[in-house]
Structure formats: structure tokens, C-alpha cells
Amino acid sequence: MFIFEWLNNQLLKMEWLSNIVKILVEQVFGLNVQERLGGSIHFFIYDVVKIFLLLSILIFIISYAQSFFPPERTRKILGRFNGITANILAALLGTITPFCSCSSIPLFIGFTSAGLPIGVTFSFLISSPLVDLASVILLASIFNWKIAIAYVIVGLVLAVVGGTIISKANLEKYVEPFVYNNTIIDVEEDLTTKDRVYYGKEQVLEIIRKVWVYILIGVGIGAAIHNWIPENVISAVLGQDKWYSVLLATMVGVPMYADIFGTLPIAEALVLKGVGVGTALSFMMAVTALSLPSMIMLKKVVKTKLLVIFASLVTIGILIIGYAFNAFGYMLM
């Protein structure tokens, strides 16, 4: 148990990095990390370096594994199943696709064009930005494994339930006609190990290019919350005792657009300030699964009724998850 805790602290939480940054801030910059400015700089440098290091390693590993499952092969796998089994499998496959919600939509179009039920593709669409493996490891590095695993479970349940409801409602007519008429090119390559390594490196660079701005902004906001906004102010608005905190956090998250990697530092800072873990996770889930840009993109491929049903199901699911974590999350801390 001691060895696992030590490995978790050094490999995931990177306490060694925190100590190095502390030395840098205090001995090179001449600032006290216990004071606001020094603490903010320490939080910013430490979280940015930690997230980029973990993200690069994890995306490479995930992308290498993903190279064995190109979209066409994934579609064929999903096509062998039906009913809730297909929804579960789609949600699980979504966890190994390190995409934001906007990046997932082209795959949603491809799966639907290939004849997969829309409920199955919606399970994938919910799961992919919400519960990818890299974000789970980062969540464990910020909080702990209990919360990370619980987050995975509730995220997958939300994806399966949402997709199943959409399947049962027979909403195919609310998908834009051009989606069904899209041509799918059946391409399947046998990649060499060198090709897979190259693909992994390219995925790391591509995803870093997409998310670096959001990570810097997210860590910057997290540093400001952690060191400059008094705890009593945050508690007065988003305190765990406030019945509306989860609802407010969800509504605030919807208009924003950021990758889950950019929202994690904000969630971390909020929890450290006494905000309920359910409130922080609700904000994080709303940003990643219901962001306004992704809703605008989705509106291009589905009609308003289906879009409203999808957004409503996900919102209700996020609210239930948020209140449940606030009620029972203390057992995971």
C-alpha cells in the first residue's frame, strides 16, 4: 500500500516537480509560495508542466493503442452488436478516443452514415469528450483514484443511458438527410510498429496544438481562484451547502469552450476552496459535453428537436451526477 501511494504521489501527482518549482519560485524569483503572488506562480508553473508531461505520455500510449482501431474497424466492431450492448461498447470505445466534443462530431457523422443506430453514435458522442483515459489519469493526479474511477463509471452510465433513450425514441428522422447519404470509404491498413510510433507522436503534437491555449487559460484561472479569491466569497456562491451550486456551475459551463484538460485545474482550485466535488465535476462535464461551439456544430447534422433532447438528457444527467457527488463524495476524498 505504501509503495502504491509513493508511486501515485511521485508519478501522477509529481510531488518531486512541486518541490523543484518551489525552489525555483523561492530561490530564483525570490518569492514566498505561501503568499499570493508566489503561490500563484507556483500553482501555474507546476500544473502546466505536470499536465503537459502527463498528457504527452498518455496521448502517445492511447494513440498507439488506437492505431489498431481506425474508424472503419471501430464501425465494424460496433456493427456486430445491437441494443444496450452496442451502447455500452460505443461508450467504452469513446474512452480511447482523445477528442473534444467538436472533434468527435465527424466520427459521429461517419458512424451514422455507415448505418449504425443513432443511439449508439450518441453514446459514443457523449463518452468521447467526457471520459477519455488521459483525463482519468489526470483526474487521479489532481484528486485521487476513487474520484477518478467514480467519474469514469458515472460518465459511462450517462453515455449509455442517454444513447439508449435516444435509441428507444426512434429519432432517426431528426438527423439531417445528408448524413445518411455520406460516402464511407473502407480503408484498412496494416501499420508497422514504426508507423504506429509515428502516428502516436503526430497525435501528441496535434492534440497539444489544439489544447495548449485552453490548458494555459484553465491553469491561469485555477491559480487566480486558488490564491486571489477568498474562500468565503467562493463558498457564498458555490458552497456545498447551496442547493443551486450544481445548477449554477452547469449553466456557467455550457457557454464556455475548453478541453477537459483545461477545466481540470479550475475544478481542482474550486475543490481546494471548499466547493463540493460534485459542483466542480458538473462544471467540468458541462464545458466538455455541452459547450456552445459543439452544440452549434451538432446543429449542422441534427434537427432542433433531437438537439434539444440530447442537450436535455445530458444536462439532467450532469445535474444528477453533481448532486450525487456532493451528497456522497466525502466518502471518496
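Does Tyr 244 count as buried, exposed or partly exposed, and what is the relative accessibility behind that label? In this predicted model, Tyr 244 counts as partly exposed, because its relative accessibility is 28%. That value falls between the 20% limit for buried residues and the 50% limit for exposed ones. Tyr 244 also takes part in an aromatic pair, described below with the rest of the fold.

The protein chain has 17 helices and zero strands. It comprises 333 residues, of which 53% count as buried. Contacts between residues with a separation of 6 or more were also examined. Of these, 83% join residues 24 or more positions apart.

Helix α3 spans residues 36-66, and helix α8 spans residues 133-142. Their axes come within 9 Å. They cross at roughly 145°, and the crossing is right-handed. On the α3 side, the contact is made by Lys 50, Ile 51, Leu 54, Leu 55, Leu 58, Ile 59 and Ile 62. On the α8 side, the residues are Leu 133, Ala 134, Ile 137, Leu 138, Ser 141 and Ile 142. By class, 11 residues of this contact are nonpolar, one is polar and one is charged.

The largest nonpolar core holds 88 residues. Leu 55, Phe 122, Leu 298, Val 302, Leu 306 and Phe 310 touch the most other members of that core. Another core lies apart from the largest one and has nine residues. Among them are Ala 86, Ala 90, Leu 93 and Leu 107.

Aromatic pairs form the next topic. The structure holds two of them. Phe 122 and Phe 310 make a tilted pair, with ring centres 5.1 Å apart and 40° between the planes. Phe 122 lies in helix α7 (residues 118-130), whereas Phe 310 lies in helix α17 (residues 304-328). The pair therefore ties together parts that are 188 residues apart in sequence. Both Phe 122 and Phe 310 are buried. Both are also among the residues that touch the most other members of the largest core.

Trp 243 is exposed, because its relative accessible area is 64%. Tyr 244, at 28%, is partly exposed.

Helix α17 also contains Thr 315. This residue is buried, with a relative accessible area of 18%. The cut-off for burial is under 20%. Leaving aside neighbours within four places in sequence, Thr 315 contacts Thr 250, Met 251 and Leu 290.

Not counting residues up to four places away in sequence, Ala 267 touches Phe 143, Ala 280 and Met 284. Val 277 is 10 residues from Ala 267 along the chain, and the C-alpha atoms of the two are separated by 8.0 Å. Thr 263 is likewise placed in α14. With 1% relative accessibility, Thr 263 counts as buried. The C-alpha atoms of Thr 263 and Phe 283 are separated by 8.2 Å. These two residues are 20 apart along the chain.

Finally, backbone angles were examined in two loops. Met 14 is not a glycine, yet it has a positive phi of about 50°. Met 14 sits in the loop between α1 (2-12) and α2 (15-28). This residue is buried, with a relative accessible area of 5%. Asn 170 is not a glycine either, and its phi is positive, at about 50°. Asn 170 lies in the loop between α9 (145-168) and α10 (177-180). At 54% relative accessibility, Asn 170 counts as exposed. The cut-off for exposure is over 50%.

Methods:
Residues numbered from 1 in each chain as written. Predicted model: local features only at pLDDT ≥ 70, side-chain atom pairs only at ≥ 80, totals over all residues. Heavy atoms only, no water. Axes fitted to C-alpha atoms, helices over the stretch in contact; angles between N-to-C directions. Helix = DSSP H or I, 4+ residues; strand = E, 2+ residues; numbered from the N terminus. Left-handed = near helix turned anticlockwise from the far one by under 90°. Contact = heavy atoms within 4.5 Å. Nonpolar A, V, L, I, M, F, W, Y, C, P; charged D, E, K, R; others polar. Phe/Tyr/Trp six-rings, centres within 6.5 Å; stacked < 30°, edge-to-face > 60°. Buried < 20%, exposed > 50% of the residue type's maximum accessible area, 1.4 Å probe, protein only. Core = buried A, V, L, I, M, F, W, Y, C linked by side-chain atoms within 4.5 Å.
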